[in-house]
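Subject: Structure handover

Hello,

Please find the structure below. My notes on it follow.

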Amino acid sequence: MKWPETRTALHLWNRGHWRDYIFSQGMLFIASLLLVFFIAIGLGVQNLLDRFLSSDLPAEQVRVTPAGMQAGFFQTESGGIEITEDVMEEFQGSHLVKRVDPQIYAHVPASLRGRLGGQPYYTDITLEGVTGEFLGDSLLAEIDWSYTLADSAESYLPIILSENLLLLYNAAFAESNDLIGLTPDGVLGTECTVTLGRSSIAEMELPSITVRARIEATSRNMNLFAIGVPFQFVDQINNLYLPGDSRRYSALVITANRAEDVPEIVRMVEAMGLQAETRRGIAQKAEVLVGAVTAALSALAAAILLSALSSAIHTLVMDLKNRRFALGVLMALGTPYRRLAMIFAFQIFFMSSVSMVLGAGLGCLLAWGASSALLSLSAVLRSAVDSLAVFPIGWLSAGIGLMLITSTGIAYAFFGRILRTPVTRLLRP
Amino acid sequence: MSKLLIMGMESILESIMEARGIRRSFGSIDVLSGLDLEVRHGEFLAVVGRSGVGKSTLLAILGTHDLEHEGTLSIAGRVTSELSPSELAELRREYLGFVFQDFHLLPELTAMENVILPAVFSGRDQGPARHQAEEILERLSIRADETPTNLLSRGERQRVAVARGLVNGPSVLLADEPSASLDMESEQTLFNLLDELRREMGFALIAVIHSKAVLDRADRILELREGVLHEMA
């Protein structure tokens, strides 16, 4: 094929018909733009959900909580089975269980106060006593997790901050604190004060106690407003303010001898009327939610893709129908069929490629722009993911390629049908 | 088979085109019923007949545009029914020129572009094609400017159509009422030129003609009547 002649042929063939192509190519442009945009943002949202819904609970652990809703001092609902000493002893006696780490709420009001990044903050909190094992072996070496009121003069109360609480701050639910942009790593080492026996909504009869504290770790396995502190400290506070109360645990973290024993332990927990949470269970819940979001986004992208593609193909086919006569003239004058087909295929393929690549490029830019805008508006998102747009080059190329082949293929098939039509029929008005 | 070879065989081949037993029906109506025709190199055949008798159909069959007929058509020794679509296209390009009744020009293109269209789409070198087109357009008194053909007069368009039919140097030029839109003077000018070009290029001219003034120029006058051709004195 000689390029100058081909270029002239294309130039002559399209003279006065460029406008006809604008719509079809515009549709392909928009189709590829939306496809790329939705794939990029869809995958970004998936990542975000994965991040929010994930748990750092090890595979061999089961987290046991009471059936009723509870949030320490802010108890919203009670009733059902509570986790008492007897319940814990029953788990400890099981041959499937290696270890039981209890968690306990301080049943007294408390608050956290300090400065972060020059900004003062204040939050009503619930203290949740956890054992050193809760932190995991790697952290145990660095943090002295033994603390009682007697140590308050010399040392800081070590704190594990709930990452969910950070997310709430970042989502600006605690407006007066103006604490956005916090990350789990960023708050480590922050010093503050914890006041016991008094909060903004309640006060105990005994005078309040304030101790110096330091954020030593963050965790995704803690309740929303709970702040993890040494178990014996909470026990001491409960005994101090509520001496008659019997010990009730907020949660038990059961470590099975083997990961395969976890389902049996879950059955045991549920048979007792308590709630069991495992990494697999959390992952399954996350999978359902992420799957639903993915399916919705995919359906939306597919609907847009189909409608745009069918419009583009329809326009291309209509354009060819309108130019049956011109094709008839060319065929009557002895233009080789193969050359006509080649020129046409080249034109459609080239134009469609340009439209789709430009559309995909703009789709990437828009996805990136949308991601940047959302991240700049919401620090909760910024703290969770680096970007809300993910660009899987392979998948995007495959999607664009499929659209390109489909649109060119269908238009080419229709063109082939015209070429097989008798010339006299094509020339008929 | 190359055109040069065929041209070299002209002395051997008596005719450039031969039709035997051509039948063509549209539904129950027989338009052509066993028509025979032999066209010799360089001759001018005038086809006459009443309106609707099938003159255009005959030209479409001879031009290999209409393939839905019975009988045999040979052009330059090749039987058209035995050729593939690509070979038929090549045959048209190499041996046939066509001037349609309604010109069938592409209205957005200029005269020059319409004339070189077959050459360009065939992938031939544009240079010689343009040169030849300029020469033919000049002889037909058509300006090779940028005016689209839809802005030309009917007579000018007719001449552009003739130029397009001749640009590939055909062996047979099929013309369906080529002077229908022209006044008597222009008609004479056109046929003077066609006679001149026919002598130079050696193509045979098969033209559907109504004008008696032109019929005198024809080597043979064939009347299409009741589906067959009758040679008139």
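A residue is called buried if 20 or more other C-beta atoms lie within 10 Å of its own, exposed if 12 or fewer, and partly exposed in between, with C-beta atoms placed from the backbone. By that rule, 45% of the 233 residues in chain B are buried.

This is a predicted model, in which local features need pLDDT of at least 70 and side-chain atom pairs count only at pLDDT 80 or more, while totals for chains, interfaces and linings use all residues. Residues are numbered from 1 along each chain as its sequence is written, with chains lettered from A and ligands numbered from 1 in the order in which they are written.

Confidence. The model has an ipTM of 0.87 and a pTM of 0.62. For chain B the average pLDDT (the predictor's confidence in each residue, from 0 to 100) is 88, and 94% of the residues score at least 70. Within chain B, strand β4 (residues 70-75) has the highest confidence, at 96, and helix α1 (residues 3-8) the lowest, at a mean of 47. Residues 1-13 of chain B stay under 50. Where pLDDT is low, the predicted coordinates should not be read in detail.

Chain B fold. Chain B contains eight helices and ten strands, taken as DSSP runs (H or I, at least four residues, for helices; E, at least two, for strands) numbered from the N terminus. Four strands of chain B form an open antiparallel sheet in the order β2-β1-β4-β5. Its edge strands are β2 (29-40) and β5 (78-79) of chain B. Strands count as paired if DSSP finds at least two bridges between them; β4(B) and β5(B) have two. B:Arg78 in β5(B) is the bridge partner of B:Ile75.

Interface. Contact means C-beta atoms, placed from the backbone, within 7 Å. On that basis 26 residues of chain A are in contact with 25 residues of chain B. On the chain A side, α1 (3-14), α10 (324-332), α11 (337-377) and α14 (423-427) each supply at least two residues.

Cores. A nonpolar core is a set of buried Ala, Val, Leu, Ile, Met, Phe, Trp, Tyr and Cys residues joined through C-beta atoms within 7 Å. The largest has 116 residues, and B:Val47, B:Val115, B:Ala163, B:Val172, B:Leu205 and B:Ile206 have the most contacts inside it. Helix α2 (residues 18-53) of chain A gives this core its largest share, 13 residues. Another core, of 46 residues, lies apart from it and includes A:Ile104 and A:Val234.

Regards

Key
Two residues are in contact if their C-beta atoms, placed from the backbone, lie within 7 Å.
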